[in-house]
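Subject: Structure handover

Hello,

Here is the structure you asked about. Please open it first, then read my notes below.

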Amino acid sequence: MSEQKVILKTEHLVRWFGALKATNDVSLDIYDGEVHAIIGPNGAGKSTLMDEIVNRTSPNEGKVFFNGTEITKKPPYEIANMGLCKCFQISKLFASLTCFENIQIALLKKHKKVYDFVPKRADYLKDEVMQVLDIVGMQHNAYETAALLSYGDQRRLEIAITLAMEPKLLMLDEPTAGVARAEGYEIMKMIRKLAQERHITVVFIEHDMEIVFNYSDRISVLDHGTLIATDTPENIRQNDFVQQAYFGGGTQ
Ligand code: ADP
Ligand code: MG
């Protein structure tokens, strides 16, 4: 296999919450262009790890590098502007606004025109807004109110809002949580398409093993804050811990 370019690197990340070590010496390489799943039981430290990467939670020890630049202590907005973006759920949607307006606001933020909060024209940045909605297949929902969308479409809209930042690496914490499996598959298909067509690297946390094994290039397994394995889906499926935790038995 040819040498892989590493886009994101964590080195020995440790995060304590009181006496609890939420991440224990996590060193992980994410390859440019891959779709990488992070799995592990509840409380394993998956969300904490993502938050440390974008410095929403500061690690007690360790370093994070994005495209070779150390970002460990950079403020989250600066990390996002570099192209390392985490998708935030629900809370980031303006529920009473339309999809169009939600994306418009995200673009205003990107263009640093946030004080133009009430755009002078309703169709301000229309082409750009429609382009972003098109990526997630939601052009036809443009003038629907966010609160009235199906849960799955709300997840899509959140992803679209994050895409307005033009990420190089997109991080998603359980993008299909609370969504029916068929719709979850559609969301993952869209995410894979994004990765391929726009060359966006994706790191996602997921608890549905069918989705994990169908939609990732590589998988990392966390347990009690420790990274147990990072490997291809085929190899992770054979991993003893994964067999015990997810398939209720040892390898045959
Ligand atoms: P996961 O996303 O894998 O379910 P988390 O990263 O959310 O796990 O949590 C890892 C551990 O850290 C859990 O035991 C959780 O209770 C604890 N934890 C997470 N955030 C905090 C916090 N802000 N304060 C105290 N404990 C926390
Ligand atoms: Mg979590």
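The crossing of helices α3 and α4 is right-handed (the near helix is turned clockwise from the far one by less than a right angle). The contact (heavy atoms within 4.5 Å) involves Cys99, Phe100, Ile103, Gln104, Leu107 and Lys110 of α3, and Lys126, Glu128, Val129, Met130, Val132 and Leu133 of α4. These residues divide into eight nonpolar, one polar and three charged. Ala, Val, Leu, Ile, Met, Phe, Trp, Tyr, Cys and Pro count as nonpolar, Asp, Glu, Lys and Arg as charged, and the others, Gly among them, as polar.

The model is predicted: local features need pLDDT of at least 70, side-chain atom pairs count only at pLDDT 80 or more, and totals for chains, interfaces and linings use all residues. Residues are numbered from 1 along each chain as its sequence is written, chains are lettered from A and ligands numbered from 1 in the order written, and side-chain values use heavy atoms, without hydrogens and water.

The axes of α3 (residues 99-110) and α4 (residues 126-135) come within 9 Å and cross at roughly 110°. Axes are fitted to C-alpha atoms, for helices over the stretch in contact, with angles from 0 to 180 degrees between N-to-C directions. The two helices are therefore roughly perpendicular (65 to 115 degrees). Helices (H or I, at least four residues) and strands (E, at least two) are DSSP runs, numbered from the N terminus.

Now the sheet. Four strands form an open, antiparallel sheet in the order β2-β1-β4-β5; pairing takes at least two DSSP bridges. Two bridges join β4 (residues 61-66) to β5. Phe66 has Thr69 of β5 as its bridge partner.

Best wishes

Definitions and conventions: Angles under 35 degrees count as roughly parallel, over 145 as roughly antiparallel, 65 to 115 as roughly perpendicular and the rest as oblique.
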